[in-house]
Amino acid sequence: MKSGKHRVSLLILLCLMVVGLAGCHNKAYSQSIEKGLNAVAENKYQKALTYFDNALAQKPKDEKAQAYRDQTQAYLTTTSELKAGKVKTALTTVDKGVKITNGATSLTNKLKQLKVTVTSDYQEYQQLSDDVKAQLKVKNGNYSADVLKRCAAINWDKKPYLKPLKAKVKQLLTAAKKAKTNMKVSAAEAKRAAALRRKIAAAKNKWNMAALDDVPDWFILALFADDSDVDDAAEELDDEYADQADDNDDEDSNRDDADDSETQSDDDYDDDTDSESDDDDYDTDDQYDDDDDYDDAESLLNPAPVQPSVADRLFASASC
């Protein structure tokens, strides 16, 4: 009799333990779901994914937890693909994420918003791809000012989904430079370009007004089209027109060397005249007159060569 009662007691105890464990599992599951949704609301998707994984560990076959996890993963994968420049793949991924059933309303809405962004990014990518491809076929140098301005204004860090086009964009801008394309701008735009040149030259970089004068107005304007600061503008100039700044630095250096040389020659000349001033038989006035006459004749017979501008030399070397 006692043994029978003992077995019943054990069975009751086991049932209570099972119920208790089930209750613990349900509590952990609910907490994980709740914390996961809170993380989604805070845009902390990687953290949300961990919580939904915990919920699935409590209930491996739970459709809701699985749907929440799939939605979160779709969001993370889409953003990762955009950063990698895989905009077309990202559009496919987010579209599948929006169609997941049994998901959370908040995640569905987030994915729908993301799809709008990705769709816009893809349209921009496709349009730029078509425009650049068409411009690269231009043979007479008559490039589209609008396309060139858009290309020059691209911030590759802010628009990583365009990076697959970076090589062709650079190719187009280089071709436009070599063709010496002089894009027409309005008087107001030209005035703004001049002000922007002064702003760049005033910053601590290698760009001075002499070098900036050889950069077209349309390019200067494009540098600030997306509200870039002066440092960003200088970096873009370094990428596209670095050779002009270097040429200008070389010319300044040569001029400085020439000035130093002339100064040294004058000093030597002064020393010579001082040493000869005591010689009464040395006719200094006649000597100086002869030198002046010689210099005048020499300048007429052999005029100093005119140095070509930085831009002319740049494009002359490019056309060889």
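Reader: On the other side of helix 4, which residues are exposed?
Author: Lys88 and Lys96 are exposed there. Exposed means over 50% relative accessible area, buried under 20%, and partly exposed in between, with a 1.4 Å probe and protein chains only.

Reader: And which residues of helix 4 are buried?
Author: Those are Val87, Ala90, Thr93, Val94, Gly97 and Val98. They sit on the same side of helix 4 because they cover an arc of only 135° around the axis. That arc is taken from the directions from the helix axis to the C-beta atoms.

Reader: Why do residues three or four places apart point the same way?
Author: An α-helix has 3.6 residues a turn, so they do.

Reader: OK, what covers the buried residues of helix 4?
Author: The cover includes helix 3 (63–83) and helix 5 (105–135).

Reader: Zooming out, how many helices and strands are in the chain?
Author: There are 13 helices and zero strands. Both are DSSP runs numbered from the N terminus: helices are H or I with at least four residues, strands E with at least two.

Reader: What about confidence?
Author: This is a predicted model, where local features need pLDDT of at least 70, side-chain atom pairs count only at pLDDT 80 or more, and totals for chains, interfaces and linings use all residues. Residues are numbered from 1 along each chain as its sequence is written, and side-chain values use heavy atoms, leaving out hydrogens and water. The chain averages a pLDDT of 77, and 66% of the residues score at least 70; pLDDT is the predictor's confidence in each residue, from 0 to 100.

Reader: Where is the pLDDT below 50?
Author: Over residues 265–320.

Definitions and conventions. Contact = heavy atoms within 4.5 Å.
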